[in-house]
Amino acid sequence: AWRPATAWVDPTSRLRRHIQRALAERHMAAAALVKEGISVLLADSSAVVLKPVAPFFIDTMSRGTPPEIMAMRGGCGPNRKLGCDLLWNFLFLRGAGPGD
């Protein structure tokens, strides 16, 4: 019998491949915008923003050499040897400037 949970976990399932393609298309679109000099904030529909984020990004971008990418971290714990995982569901990409 088909079980929905299996479709999410099984890497060969059609549902899993469809989700992977949709995410790849979203990231390719963001890369095209960044190449044209537009900064992009990617966020899943499950991201809940509790306060304005623009002041944080403006402050961060105005310090020295601004980062080209900012991502959330998760999966942290004392037993992790390499720190935390990057979470790609909330991601800021700085637009490429002239010569970038």
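Exposed means over 50% relative accessible area, buried under 20%, and partly exposed in between (1.4 Å probe, protein chains only). The model shown is predicted; local features need pLDDT of at least 70 and side-chain atom pairs pLDDT 80 or more, while totals for chains, interfaces and linings use all residues. Residues are numbered from 1 along each chain as its sequence is written, and side-chain values use heavy atoms, without hydrogens and water.

**View 1. Overall arrangement of the protein.** Three helices and three strands are assigned (DSSP runs numbered from the N terminus; helices are H or I of at least four residues, strands E of at least two). Their order from the N terminus is α-α-β-α-β-β. Of the 100 residues, 15% are buried. Among contacts (heavy atoms within 4.5 Å) with a separation of 6 or more, 43% join residues 24 or more positions apart.

**View 2. Helix 2 and the residue that follows.** Helix 2 covers residues 14-35. Its 22 residues should span 32 Å at 1.5 Å a residue, and the end C-alpha atoms lie 31 Å apart, in agreement with that value (the expected span is 1.5 Å times one less than the number of residues). Leu23 belongs to helix 2 and counts as partly exposed because its relative accessibility is 38%. The C-alpha atoms of Leu23 and Asn89 are 9.7 Å apart, although 66 residues separate the two in sequence. Just after helix 2, Gly37 has a positive phi of about 95°.

**View 3. The largest nonpolar core.** Six residues form this core: Ala30, Val34, Val40, Leu42, Leu91 and Leu93 (buried Ala, Val, Leu, Ile, Met, Phe, Trp, Tyr and Cys residues joined through side-chain atoms within 4.5 Å). At least two of the core residues come from each of helix 2, strand 1 (40-43) and strand 3. Ala30 contacts Val40, Leu42 and Leu93, leaving aside neighbours within four places in sequence.

**View 4. Thr60 in helix 3.** Thr60 sits in helix 3 and counts as buried because its relative accessibility is 15%. The side chain of Thr60 reaches the backbone oxygen of Phe56 at 2.8 Å. Apart from residues up to four places away in sequence, Thr60 touches Pro67 and Met70.

**View 5. The Arg94-Glu68 salt bridge.** One salt bridge is found in a search of the whole structure (a side-chain nitrogen of Lys or Arg within 4 Å of a carboxyl oxygen of Asp or Glu). The side chains of Arg94 and Glu68 form the salt bridge, with an N to O distance of 3.6 Å. The pair links distant parts of the chain, 26 residues apart: Arg94 is in the segment after strand 3 (85-93), and Glu68 is in the loop between helix 3 (54-61) and strand 2 (69-74). Side chains of opposite charge can pair when their charged atoms come close. Glu68 counts as exposed because its relative accessible area is 57%.

View 6. Ser45 lies in the loop between strand 1 and helix 3. This residue, Ser45, is exposed, as its relative accessible area is 80%. Ser45 and Phe90 are 45 residues apart in sequence, with 9.9 Å between their C-alpha atoms.

How values were computed. A polar contact is a pair of N or O atoms within 3.5 Å; within protein, one must be able to donate a hydrogen and the other to accept it, and residues adjacent in sequence count only if both atoms are side-chain atoms.
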